[in-house]
Each structure stands twice: as structure tokens, then as C-alpha cells.
Amino acid sequence: GDGLPGGSVYVGHVPEWWLVGFYLIGGVWMLWATLRKTSTDAKPSIFGWEPRSFAFGMIVLGWGCLGLLADRFRPALDEVRVTFVAVGHGGCTVIETPDGRTLLYDAGVISGPEVTRRVIAPYLWERGVRRIDELFLSHADLDHFNGLPGLLERFTVGQVSLTPSFRDKPSRGVAFVLREMERHRVPIRVVHAGDTLQA
């Protein structure tokens, strides 16, 4: 599945109200199934389903869709929100702007790239983030960028900004990350000292 478009979908934070509703619906279904009387009479059907079973199926489908869409709606901010994500020995700073953009400054940790799966992605999902508009990589040490491939797998990344020396470091990690950005068709911008970045 992962190689096919739409073959897998990353689902973020599941709201507690949705879980409670899911279990309530399941409990009602089990109770109803236990208490209903079996009948040999022919019953009208909708696509081969008994009307009540069909209605319940539609409720479950609707509730599932609501849960998948619920965390896609982000509350509007009236300020810039800057969060220093606790990744350990490394760095990841998340900047959320009032116009709905999300910027990251670095994404890595010295213990390995699992930081994306364990810490960064869950934090972004909980915030309702589905797109990273820009990721700034400060320099070519692994603990500042090794979480990037995991982010590319889980989020749409609009652009990555690098320093001029990033590509020059003779490191397998740097070569791998550059290949991953190319594979995901992420635009790369090289930022030089003295450049002015327009927000």
C-alpha cells in the first residue's frame, strides 16, 4: 500500500468525543442485535440489507467520516504561535501564523529519525496541521534534519529552505534527504547571509 497513491492514510489525533460516540453506537448496535426478535418473515431490503441494518451502517459510515474530518478544522489564531517541541538532543520549532500557515525550523534528534513518528507528527496532528508550508534547515548535522523524510511521508511540504553549505557536506544522511525531497517534488530554496525573507 504505501507505494500506491492513496494506498495509506495517516490519521492524527482522534478526539475523545468521537471515541465515546463510537463506543456508544457500538453498544447500541450490540444491544439492539441481542434484543431484537428473529423473524422468518420476508423483510424489505435496501441493497440486500434489512432497513434498520442499512440505517445503522449509514450512521457508522457518517460517524467515521466525521472523525476523519474533525481534526482538519484548525481554530483561527489571532497571534503568532511558536512552539519548541521537546524532541531531546536535536531541534524542532513550529511556527503557526494568523493566516493559517505552518513553518518548521529544523526537524531532527540525535537518537534517530523516529522522532517524527513519536513526537513531531503527533504534535502537528493534534494542532490540526496537515500541511507544512515551509521547513527551514539550519545546518547539515543529522540531529537537525533527520526527521524530514518522515515528515515528507506524512505531510505535504510546500518548500524547504537550506543554507548554501548544506548540500556540500559529504554525508550519507544529507544525500538521502536531498533524494527524498526530489522524490516528493519539494521545491528547495537556498538562503544566503543577508537575504530578506518576506512573510
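**Figure 1. The whole chain, end to end.** Starting at the N terminus, the elements of the protein chain run α-α-β-β-β-α-β-β-α-β-β-α-β. That makes five helices and eight strands. Keep in mind that this is a predicted model. Of the 199 residues in the protein chain, 36% count as buried. Look at contacts between residues at least 6 apart in sequence, and you'll find that 65% of them join residues at least 24 apart. The protein chain exposes about 12600 Å², with carbon and sulfur atoms supplying 61% of that area.

Figure 2. Helix H3 covers residues 115–126. Its end C-alpha atoms sit 16 Å apart, which agrees with the 16 Å that 12 residues should span at 1.5 Å a residue. Which residues of H3 are buried? They are Val 115, Thr 116, Ile 120, Ala 121, Tyr 123, Leu 124 and Trp 125. A handy reminder for reading such a list: an α-helix has 3.6 residues a turn, so residues three or four places apart point the same way. Just past the end of H3, Gly 128 takes a positive phi of about 85 degrees.

**Figure 3. Asn 146, tucked into a loop.** Here we zoom in on the loop between strand E5 (134–136) and H4, where Asn 146 lies. Is Asn 146 buried or exposed? Its relative accessibility is 9%, so Asn 146 counts as buried, the cut-off being under 20%. A polar atom of the Asn 146 side chain lies 2.9 Å from the backbone oxygen of Val 109. Val 109 also turns up among the residues that Asn 146 touches, along with Ala 107, Gly 108, Gly 112 and Pro 113; residues up to four places away in sequence aren't counted here.

**Figure 4. A nonpolar patch on the surface.** Now for the outside of the model. Three residues, Leu 19, Phe 22 and Tyr 23, form a nonpolar patch on the surface. Together they have about 320 Å² of accessible area. Tyr 23 belongs to helix H1, which spans residues 16–35. With a relative accessibility of 60%, Tyr 23 counts as exposed, since the cut-off for that label is over 50%.

Notes:
Residues numbered from 1 in each chain as written. Predicted model: local features only at pLDDT ≥ 70, side-chain atom pairs only at ≥ 80, totals over all residues. Heavy atoms only, no water. Helix = DSSP H or I, 4+ residues; strand = E, 2+ residues; numbered from the N terminus. Expected span 1.5 Å × (residues − 1). Buried < 20%, exposed > 50% of the residue type's maximum accessible area, 1.4 Å probe, protein only. Patch = residues over 30% accessible without salt bridge, like charges linked within 9 Å, V, L, I, M, F, W, Y side chains within 5 Å. Areas by Shrake-Rupley, 256 points an atom, 1.4 Å probe, with all protein chains shown as cover. Salt bridge = Lys/Arg side-chain N within 4 Å of Asp/Glu carboxyl O. Polar contact = N/O pair within 3.5 Å; in protein donor to acceptor, adjacent residues only side chain to side chain. Contact = heavy atoms within 4.5 Å.
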